[in-house]
Amino acid sequence: MTEQTKFNQNPLVLLHGWGLNHQVWSQLLQALPKELDILTPDLPGFGLSPCPASYDIDSVLAVLAEQIPDQSVVIGWSLGGLLAIALASRYPHKVKKLGLIASSPCFMAKDNWPGMQSTVMQQFAGQLQQDLALTVERFLAIQAMGSSTARQDIKLLKQAVLSLPLPSAFALQGGLELLATLDLRQEFAALTQSVFILLGRLDSLVPVAIAPLLQSLRPELQIELLQKSSHAPFISHQDEFISLLSLHIAA
């Protein structure tokens with residue numbers, strides 16, 4: 001193994017997004033170098049992880065922190081990225097380096113900040129009360145919008161979801177509220193760890209227009225743009241994703 005392909009020995013932690021579970025990483029894990037020490041915990045209340053009595057940010061982070069070794073390279077996708085920012089800020093000994101995939105320190109659109117419209121979030125919250133499974137399926141479809149492999153991406157995401165019990169409505173609602181209410185831009189700007197982010201140009205949930213704004217918050221931020229990808233680049237464009245990821249986790 002050459003010096004260029006040597007990976008650091010810090011644990012690599014992958015945090016999945018809303019409505020899903022650790023199985024969403026299954027195909028990626030098969031393709032990543034075997035020498036990596038990879039952990040894929042379920043977010044609290046998702047997959048096989050018990051749901052905390054209160055789904056506030058402090059309770060969620062406390063559960064995650066127990067599962068993540070000190071000095072890990074923590075990479076979060078979507079909601080997992082939002083939680084990873086909070087973890088890096090509030091449990092800095094847990095996070096040596098932070099990576100974000102199709103994620104943002106503030107998911108909701110605000111003045112001079114692109115993001116999801118509140119009406120979209122309200123629709124999901126309302127639909128959860130009527131049909132939990134259908135709401136998750138619709139959300140998966142939005143994540144793949146714009147990708148040339150959208151049909152296959154949705155199929156893989158559905159397989160991941162259905163391989164484990166569906167999350168409770170309480171966890172789904174709690175996750176939506178975190179996405180709707182958390183604004184971690186100041187915490188993101190103040191992080192002491194190095195940070196990189198991978199964005200999909202066709203992403204309808206985390207618009208690439210945030211890239212220069214993120215750069216203004218952290219001038220040293222390393223941003224990678226996947227030109228043909230939507231919200232799940234590790235599924236739709238796995239080879240390109242791994243190539244970019246490897247640049248940032250290599251020693």
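The protein comprises 11 helices and 6 strands, where helices (H or I, at least four residues) and strands (E, at least two) are DSSP runs numbered from the N terminus. The model is predicted, so that local features need pLDDT of at least 70 and side-chain atom pairs count only at pLDDT 80 or more, whereas totals for chains, interfaces and linings use all residues. Residues are numbered from 1 along each chain as its sequence is written, and side-chain values use heavy atoms, with hydrogens and water left out.

The radius of gyration, taken over C-alpha atoms, is 17 Å, which agrees with the value near 18 Å that a compact globule of 251 residues would have under the rule of 2.2 Å times the number of residues to the power 0.38. Along the principal axes, the C-alpha trace spans about 55 × 35 × 35 Å. Of the contacts (heavy atoms within 4.5 Å) between residues at least 6 apart in sequence, 75% join residues at least 24 apart.

Buried residues account for 53% of the 251 residues, buried meaning under 20% relative accessible area with a 1.4 Å probe and protein chains only. Beyond its neighbours within four places in sequence, I75 is in contact with L12, V13, L14, L15, G99, I101, F196, L245 and I249.

Conventions
Buried < 20%, exposed > 50% of the residue type's maximum accessible area, 1.4 Å probe, protein only.
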